[in-house]
Amino acid sequence: MKTRQTLKGAFIFLILFLSFSLFFYFLFNGGAFWKNIRYAIFLNSPFVSSDLRNNSIFALGRAETLPPGANYRLLIGKIEADAPLVSPADSSTQAVLSAMEDGVALYPGSVAPGDSGRAVVLGHSSKASWYRGGYAYVFALLPELRAGDKFYVLSKNKKYTYQVFSSGVMSPNDTNRLLAVEPADSEMVLITCYPIGSASERKVVQAKLIGTENL
């Protein structure tokens, strides 16, 4: 009898321990968990556009992400854009869209700001019904940027200055062809869906790194 009661007590303790563990797990990680569930449902719904059904948005050929502990911020004064530069977990559409709820996304396969090569940054220009972040309109005024305009990326100890040299509208296929060619210098490409409220084309702004300052 005593052994049975001991086993019963141990079983109840185990159930309570697992219940509290799950409670605290969802308390601290529930936001990310439900965000992933929400995007998984959205991307498999009949309402999603065909270009988002692909496993990844672009194919840059590398799997580079921001360095551990990196803390970058994109500042574009002309269009009043100020957002964290977030590195998605991978190049899947779900991961990229999830990252864009927390800022603008540095697409996996891009180089880090200031490095030789091309950094590809994606941002929203309008708010879709499934979006829950605070950066739905961060690139809404991206078409206002012109050749010669400057913007900045800040890290903990550096300031990178970029100058726009090209701004135009491209089809998704033309955008992929552009990104397939590696630049000789350090560049950043800002991309958003165009026109506002549609994903049929891309607004593409290309800029070159023209200065680096220590902070």
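Modeller: Start with a definition: accessible areas here come from the Shrake-Rupley method, run with a 1.4 Å probe. For the protein chain, that surface comes to about 12,000 Å². Carbon and sulfur atoms hold 58% of it. Bear in mind that this is a predicted model.

Biologist: Then how much confidence does the predictor report, as mean pLDDT for the protein chain?

Modeller: pLDDT is the predictor's confidence in each residue, from 0 to 100. The chain has a mean of 81. Of its residues, 69% reach 70 or more.

Biologist: Where does pLDDT stay under 50?

Modeller: Look at residues 22-31. For that stretch the model has 2 contacts beyond four places in sequence.

Biologist: Next, the layout. How many helices and strands does the protein chain have?

Modeller: Count 3 helices and 8 strands. Along the sequence they follow the order α-β-β-α-β-β-β-β-α-β-β.

Biologist: What do the 8 strands form?

Modeller: Two strands pair if DSSP finds at least two bridges between them. Here the strands make a closed barrel, in the order β1-β2-β3-β4-β7-β8-β6-β5. Pairing is mixed. From one strand to the next, the twist averages 30°.

Biologist: Take one pair. How many bridges join β4 to β7?

Modeller: There are 6, and the two strands run parallel. β7 covers residues 186-194. Opposite V120 you will find V189 in β7.

Biologist: Which strands does helix α3 lie across?

Modeller: Helix α3, residues 172-179, lies across β4, β6, β7 and β8. Its angle to β8 is about 30°.

Biologist: How should I read contacts along the sequence?

Modeller: Contact means heavy atoms within 4.5 Å. Take the contacts with a separation of 6 or more: 62% link residues 24 or more positions apart.

Biologist: Now a single residue. Is L142 buried or exposed?

Modeller: Buried means under 20% relative accessible area. L142 has 0%, so it is buried. Of the chain's 215 residues, 39% count as buried.

Biologist: Where is the place of L142?

Modeller: L142 is in the loop between β4 (117-122) and β5 (150-154).

Biologist: Leaving aside neighbours within four places in sequence, which residues is L142 in contact with?

Modeller: The partners are I79, L190, I191, T192, K203 and V205. As for K78, its C-alpha atom lies 9.3 Å from that of L142. Along the chain, the two are 64 residues apart.

Note on methods
Residues numbered from 1 in each chain as written. Predicted model: local features only at pLDDT ≥ 70, side-chain atom pairs only at ≥ 80, totals over all residues. Heavy atoms only, no water. Helix = DSSP H or I, 4+ residues; strand = E, 2+ residues; numbered from the N terminus. Buried < 20%, exposed > 50% of the residue type's maximum accessible area, 1.4 Å probe, protein only. Axes fitted to C-alpha atoms, helices over the stretch in contact; angles between N-to-C directions.
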